[in-house]
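Biologist: I have a new model open and want to learn how to read it. Can you take me through it feature by feature?

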Amino acid sequence: MDYNVSSKVEQRGVLAGMLLGVGRKEGYNFFIQHSQTQLDYLLFKKHLLEEITRKPISIQHRETRQGKQLFRIEPKRIPLIRILVQKIYRDCKKSITRKFLNFLTPQGIGIWFMDKGSKSFKRKGGKIRAIEVFLNTHFSKEENEIIITYFWERWGFRWGLSKTRKGYRLRMGTKAGKDFFTFLRPYVRPSMLHIIQTSYNTTAAT
């Protein structure tokens, strides 16, 4: 995987991706929580955060009433984290601006998609005929339109807007989705490669 956090630009990009993903505010800091099935992915994030902060991070573990195992990490707070948390949160709620999106790097986009991305297959006659790719942003329509403009102007990827029962998410069709997956592949953790696989022993039409 192509991850390097030696520069401030790369560090901002990775942290922005984590905050756009499952990262949640904790004072002027943030924490990340994953289930046991994504423990390898959590350890990968732990390693990146330790490289960025240059401080060790402990893993907290708890079990829900339903018996689900959850693991949580919280990086040591540094000025860069405090600044980014303040920029994305308004009144304890995430809020998107183009300025914040501009912090993203391909690595940060990879983390954002591993956290919030998904796909579905459309089949006909038992074969996969199309793929739909989604980015479950959980932002308002207006904020999603800012994200759509950002991806098109900065990276050349055209997302559409899809309405769900709970709000809006971004959507791509087969060809655009495959191109996006090719872009993401160098930044996807091996244990998370299933989210960008485009077939199950069959090939979707282009």
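Modeller: First, the ground rules. This is a predicted model, so local features need pLDDT of at least 70, side-chain atom pairs count only at pLDDT 80 or more, and totals for chains, interfaces and linings use all residues. Residues are numbered from 1 along each chain as its sequence is written, and side-chain values use heavy atoms, with hydrogens and water left out.

Biologist: How many helices and strands are there in the protein?

Modeller: Helices (H or I, at least four residues) and strands (E, at least two) are DSSP runs, numbered from the N terminus. Here there are 7 helices and 10 strands.

Biologist: What does the radius of gyration say about the protein?

Modeller: It is taken over C-alpha atoms, and the globule rule is 2.2 Å times the number of residues to the power 0.38. For 206 residues, a compact globule would come out near 17 Å; the protein has 17 Å, which agrees. The C-alpha trace spans about 55 × 40 × 35 Å along its principal axes.

Biologist: What percentage of the residues is buried?

Modeller: Buried means under 20% relative accessible area, exposed over 50%, partly exposed in between (1.4 Å probe, protein chains only). Buried residues make up 48% of the 206 residues.

Biologist: And contacts between residues at least 6 apart in sequence: what percentage joins residues at least 24 apart?

Modeller: Contact means heavy atoms within 4.5 Å. Of those contacts, 64% join residues at least 24 apart.

Biologist: How do I check the length of helix 2?

Modeller: The expected span is 1.5 Å times one less than the number of residues. Helix 2 (residues 39-53) has 15 residues and should span 21 Å; its end C-alpha atoms are 21 Å apart, which agrees.

Biologist: Which residues of helix 2 are buried?

Modeller: Start with the geometry. An α-helix has 3.6 residues a turn, so residues three or four places apart point the same way. In helix 2 the buried residues are Tyr41, Leu42, Phe44, Lys45, Lys46, Leu48, Leu49, Ile52 and Thr53. Their packing partners include helix 1 (8-20), strand 2 (29-35) and helix 5 (106-116).

Biologist: Where does histidine 138 lie?

Modeller: In the loop between strand 8 (127-135) and helix 6 (141-155). Histidine 138 has a positive phi of about 65° although it is not a glycine. Histidine 138 counts as exposed, at 62% relative accessibility.

Biologist: Is leucine 104 buried or exposed?

Modeller: Buried, because its relative accessibility is 5%. Leucine 104 has its place in the loop between helix 4 (98-101) and helix 5. Leaving out residues up to four places away in sequence, leucine 104 touches Gly13, Ala16, Gly17, Leu20, Ile109, Trp112, Tyr150 and Trp155. Valine 9 is 95 residues from leucine 104 along the chain, yet their C-alpha atoms are separated by 8.6 Å.

Biologist: What does serine 191 touch?

Modeller: Asp40 and Tyr41, not counting residues up to four places away in sequence. Serine 191 lies in the segment after helix 7 (174-184). At a relative accessible area of 35%, serine 191 is partly exposed.
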